[in-house]
Amino acid sequence: MKPSRREFLVLTLSGLGAVMVGACGDDGNIAQDNTPNNDTPFMPDIPDEQMPDARLDIAQVAQAWFEGADAAAIVAVGNVYVQRFAPDEDAVADDLATVVAIFAELEDLTEALEALDAAVIADFEAVEIAAVSGWQLARTEARMCSLFAQAVG
Amino acid sequence: MFEDARDLGDGAILQADVCVAGAGAAGITLARGLRDQGLRVILLESGGLDLDAATQDLYSGSAVGTAPIDLTGCRARFFGGSTHWWAGWCRALDEDIFEARDWVPRSGWPITRQDLLPHYRQAHESCQIGAFEYDPDAVSERLGRPVLPFEPELAANVIYQYSPPSNFGAIYRTELNNADDINVVLNANLVNIALSEDGASVARFECATLDGTRFSVQADRYVMALGGIETPRMLLASNTQESAGVGNSSDMVGRCFMEHPHFYRGGFLLLPETVDMSLYTSRHDVMTRDGDVERQARVVAALGLSPALRRQHGLMALAATVSRGDFNASADVIGPLARQVGELVKPGGGFSLYSLDLRVEQAPNPDSRITLTDARDALGIPRIELNWLIQDEDKESVRRTLELIGAGLGKTGQGRLWMPLDNEGRYDPPFTNEGCHHMGTTRMSADPSEGVVDANLKVHDTDNLYIASCSVFPCGGFANPTLTIVALAHRLAQHLAQEMP
């Protein structure tokens with residue numbers, strides 16, 4: 001069942017703590033890469049009214065799409081992406097809305113994952129690239145990392 | 001036959017049909033080709049049969065500009081020239097390099113790749129490589145080793161062939177020694193190009209040895225095969241009759257110096273461990289085919305773009321060779337996010353890192369140039385200053401090219417690409433090295449005001465002076481220049497034989 005916006009925000013705020021811990025990853029140096037200091041939250045606080053709607057649970061979709069991957073790693077990538085490309089709450093909200101829109105109307109999880117896969121391929125075809133610390137990522141996958149960092153952490 | 005200029009009498013005058021200055025890949029190829037056409041050749045070589053410090057010092061000068069150039073470490077001034085130190089990489093220039101590209105100022109050769117094709121085939125034999133075939137899919141199939149399945153709209157694979165490498169001084173020495181119509185004169189330095197009174201033709205090559213012997217060579221045709229730095233140097237330095245130097249009414253001698261900037265570790269790839277990259281990371285022997293010709297070749301694959309893609313996106317040429325990388329050793333270059341991005345490539349681990357070394361085409365830039373200084377070498381010839389410039393446009397083209405290759409790799413579902421970017425998102429390679437490819441300084445042009453030599457490599461301003469060197473390249477592509485140098489020398493030999501009675 002999809003959480004209410006308030007519940008989602010609580011999840012996101014609690015996820016920020018996980019983000020701060022998870023961001024260190026194996027190397028312990030993510031904070032040095034792009035953020036001003038380790039005490040500054042990477043993810044801006046998104047107001048309820050700016051959170052996107054979807055028929056499926058957004059956190060569940062994010063978790064399923066990154067199944068098997070190291071969560072801290074995905075969070076780290078998401079944080080660096082946000083730092084570079086969506087450094088304020090409006091930008092983050094827009095980004096979330098863009099990526100959630102890919103599956104927002106879908107009610108089947110498998111179809112949602114396939115839609116995201118197709119969006120990644122389409123990004124590469126169109127050379128819609130986000131250079132995240134030099135890594136050439138599809139915009140969709142970079143945004144999904146950001147979404148994962150917020151929704152799952 | 002070989003003789004030593006130090007044994008000549010002072011003031012000696014040698015005569016031949018063709019005098020070639022410089023016994024490197026171009027000079028030796030030309031001499032062999034002319035001999036086959038029944039012409040008598042004098043082949044002048046500054047050095048002897050072995051490296052000599054005093055002769056090598058004649059190359060010294062100053063190098064300024066964007067990146068360092070080693071003026072004496074890249075070039076070998078003895079019989080065989082720089083083929084003594086050549087690494088053997090061979091590839092013909094792609095067809096678009098010969099064409100005028102509207103996004104590349106001063107691009108376009110006055111000849112086509114098709115014009116050079118029969119001579120590329122001759123060069124393949126001279127350089128002891130396979131048949132004229134560079135098809136990555138055919139090579140991959142014959143070897144049973146895959147190439148990355150790029151869609152042609154995004155990226156491409158390229159093939160290099162390897163020469164053993166052919167040391168032209170070693171493999172052709174006996175042949176030249178036994179050739180009655182080739183006189184190789186060692187320790188013979190060209191010190192001045194003397195023009196006729198009307199300045200329209202070369203009257204003689206004036207030469208000297210380091211121990212002070214002076215002599216000259218008179219011929220019907222003269223060829224400078226001294227390489228991309230020494231050729232413009234000698235044209236500029238021969239300025240007693242024409243103050244700007246020989247062949248320099250266009251003021252293009254020495255200009256448009258181009259290298260192939262080598263950006264070592266200029267990119268990285270992350271791929272699942274299961275992806276077979278062996279065709280890129282090591283050399284393989286394979287049969288190559290070109291019509292009726294079949295020959296064994298040693299090959300390696302690399303990454304790049306097709307000519308069509310370069311045209312579509314307005315990009316310069318480049319190739320990226322691939323080698324196994326190490327996460328820890330590369331951390332200082334690629335930063336700490338590599339293993340994390342690896343989770344996108346292969347969730348749960350099991351991914352490998354590969355390093356890319358880029359060989360990059362530069363746009364011709366008249367301000368990247370060779371000029372003379374007041375300092376003089378032991379022969380009294382002005383030393384040079386080389387100002388090698390790498391333009392922001394060159395690097396931006398690299399960034400956009402790598403972006404396409406990265407997109408192509410992502411689309412295969414097999415990995416991700418990393419490139420070094422500065423805080424403004426500009427391509428910022430950690431290492432910039434020269435390739436020892438000195439091109440463009442006496443460029444070919446149809447219009448005499450835009451270059452130094454014509455389509456037949458004849459200096460525009462003269463009737464009988466030619467240049468055989470990668471100094472004539474108007475554009476350099478990404479391919480190592482030796483094969484094209486040798487092809488042009490074969491072509492020039494044919495042209496001279498046809499032209500001379």
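Predicted model: local features only at pLDDT ≥ 70, side-chain atom pairs only at ≥ 80, totals over all residues.
Residues are numbered from 1 along each chain as its sequence is written, chains are lettered from A in the order in which they are written, and side-chain values use heavy atoms, without hydrogens and water.

**Aromatic pairs**

- Over all chains, the structure holds 16 aromatic pairs. Rings of Phe, Tyr and Trp (its six-membered ring) pair if their centres lie within 6.5 Å; planes under 30 degrees apart count as stacked, over 60 as edge-to-face and the rest as tilted.
- F168(B) and Y172(B) make an edge-to-face pair, at 5.3 Å centre to centre and 70° between the planes. Both residues are buried (under 20% relative accessible area with a 1.4 Å probe, protein chains only; exposed is over 50%, partly exposed in between).
- F327(B) and F351(B) are also edge-to-face, with 6.0 Å between centres and 75° between the planes. This pair links distant parts of the chain, 24 residues apart: F327(B) is in helix α11 (residues 327–334) and F351(B) in strand β15 (residues 351–360) of chain B. Helices (H or I, at least four residues) and strands (E, at least two) are DSSP runs, numbered from the N terminus. F327(B) and F351(B) are both buried.
- W89(B), Y160(B), Y162(B) and F478(B) are joined by ring pairs into a cluster.

**Charges over rings**

- The charged end of R359(B) sits over the ring of W89(B), 4.5 Å from its centre. The cut-offs are NZ of Lys or CZ of Arg within 6 Å of the ring centre and within 35 degrees of the ring normal.
- R77(B) lies over the face of Y59(B), 4.9 Å from the ring centre.

**Where chain B meets chain A**

- In chain B, 24 residues are in contact with 30 residues of chain A (heavy atoms within 4.5 Å).
- About 2,400 Å² is buried between the two chains, and carbon and sulfur atoms give 71% of this area. Buried area is the accessible area (1.4 Å probe) that two parts lose on being put together, summed over both.
- L337(B), Q340(B) and L344(B) lose the most area in chain B to chain A, together 26% of what that side buries.
- Two salt bridges are counted between chain B and chain A. K411(B) and E125(A) meet in a salt bridge at 2.6 Å, N to O. The term needs a side-chain nitrogen of Lys or Arg within 4 Å of a carboxyl oxygen of Asp or Glu.
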